[in-house]
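Work through these exercises with the model open beside you. Try each task before you read its solution.

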Amino acid sequence: ALLAYVSETSFAGEGNTAYEYLKTLMDVTNYASYMAAEMYSHNGDWPNNNVRAWKSPNTLWKFMIYDLDHGFDWMWPVAGFTQETNMFDWVKQGGYASGKCYNKPSADCFHTFYVKLIENPDFKRMFINRSVVLFQNYVNGTNLSNIIESMTESIDEDQRSADQGVFKQSERWYTNSCGGRFSNSGSCIKDWGIDRDEVIRKEYREEFGLSSDVEVTIAATGNGYVTLDGFTLPSLSSYTGTFFGGNAMLLTAV
């Protein structure tokens with residue numbers, strides 16, 4: 001029902017009442033974070049596949065990351081997808097060309113959410129600003145490297161060897177930008193993450209016509225705090241971020 005409503009409705013224009021109603025059905029900030037994280041990971045087996053959503057009687061619809069074995073530099077044979085694929089183009093077309101959703105937003109296709117919602121100026125502004133905070137504080141090459149190092153250090157060598165023997169890494173049919181090399185330290189993925197930080201920001205600039213970076217500090221004194229486009233910042237007292245020039249901010253004193 002939610003997909004059908006989004007498919008049949010226009011969200012374009014300032015003060016769109018349909019968008020305000022949609023916010024009573026789905027968590028749009030969660031959706032923005034979800035989309036930005038998937039796009040950062042460069043997941044080629046999505047958005048035409050591997051979509052998961054959930055709700056309870058007392059919550060809005062929310063989306064969660066599911067199945068990333070086509071992301072983070074692993075290159076599987078997905079039709080029309082390469083390491084150079086721009087994720088905005090990939091999302092807007094609905095994923096691979098042989099799929100039923102290719103360039104056909106409809107109630108049966110998940111990418112319809114993005115195609116329709118990005119027409120709304122409030123969502124677009126929030127999506128861009130939410131993405132900046134996500135990339136700066138959570139989804140970035142530095143955090144990716146730290147997590148990989150923590151994971152690899154926790155695996156005993158005998159367990160590692162046994163696992164590689166069972167799953168035959170040397171015989172796998174997928175590859176990566178390191179020429180298919182499987183690294184016990186995760187060095188290839190870490191290098192990819194550092195490069196990905198700038199690539200994803202470049203794609204945002206080109207997609208939305210944004211200008212050079214601007215450092216902004218959002219701070220509060222007293223007992224309140226300030227939200228940015230409806231969401232709380234990682235630090236309530238004072239937050240400094242490198243935002244895109246050319247995108248507005250909706251700041252609310254709470």
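**Exercise 1. The loop with P47**

In which loop does P47 lie?

Solution. This is a predicted model: local features need pLDDT of at least 70, side-chain atom pairs count only at pLDDT 80 or more, and totals for chains, interfaces and linings use all residues. Residues are numbered from 1 along each chain as its sequence is written, and side-chain values use heavy atoms, with hydrogens and water left out.

Step 1. Find P47 in the loop between helix 3 and strand 1 (52-54). Helices (H or I, at least four residues) and strands (E, at least two) are DSSP runs, numbered from the N terminus.

Step 2. Look at the bond between W46 and P47. It is a cis peptide bond, with omega about 10°.

Step 3. Stay in this loop and find H42. Its phi is positive, near 60°, and H42 is not a glycine. N50 lies in the loop between helix 3 and strand 1 too. N50 has a positive phi of about 60° and is not a glycine either.

Step 4. Most residues other than glycine have a negative phi, and most peptide bonds are trans.

Step 5. Check burial. Buried means under 20% relative accessible area, exposed over 50%, and partly exposed in between (1.4 Å probe, protein chains only). H42 has 2%, so H42 is buried. N50 has 8%, so N50 is buried.

**Exercise 2. The nonpolar core**

Which residues have the most contacts inside the largest nonpolar core?

Solution. Step 1. A nonpolar core is a set of buried Ala, Val, Leu, Ile, Met, Phe, Trp, Tyr and Cys residues joined through side-chain atoms within 4.5 Å.

Step 1. Read off the answer. The largest core has 53 residues, and Y31 and F127 have the most contacts inside it. Helix 3 (residues 28-41) gives the largest share of this core, 9 residues.

Step 2. List the partners of Y31. A contact means heavy atoms within 4.5 Å. Leaving out residues up to four places away in sequence, Y31 touches M26, F63, F110, F113, Y114, L117 and F123.

Step 3. In soluble globular proteins, nonpolar side chains tend to be buried together.

**Exercise 3. Salt bridges**

How many salt bridges are counted?

Solution. Step 1. Apply the rule: a side-chain nitrogen of Lys or Arg lies within 4 Å of a carboxyl oxygen of Asp or Glu. The count is 12 salt bridges.

Step 1. Take K92 and E207. Their closest N and O atoms are 2.7 Å apart. K92 lies in helix 4 and E207 in helix 9 (residues 187-208), so the pair ties together parts 115 residues apart in sequence. K92 is partly exposed, at 34% relative accessible area. E207 is partly exposed too, at 27%.

Step 2. Take R125 and D229. Their closest N and O atoms are 2.5 Å apart. R125 is in helix 6 (residues 121-137), while D229 is in the loop between strand 4 (226-228) and strand 5 (238-245), 104 residues away. R125 and D229 are both buried.

Step 3. Take K202 and E206. Their salt bridge has an N to O distance of 2.5 Å. Both lie in helix 9, 4 residues apart, about one turn of the helix.

Step 4. Finish with a network. Salt bridges that share partners join E198, R201, R205 and D213.
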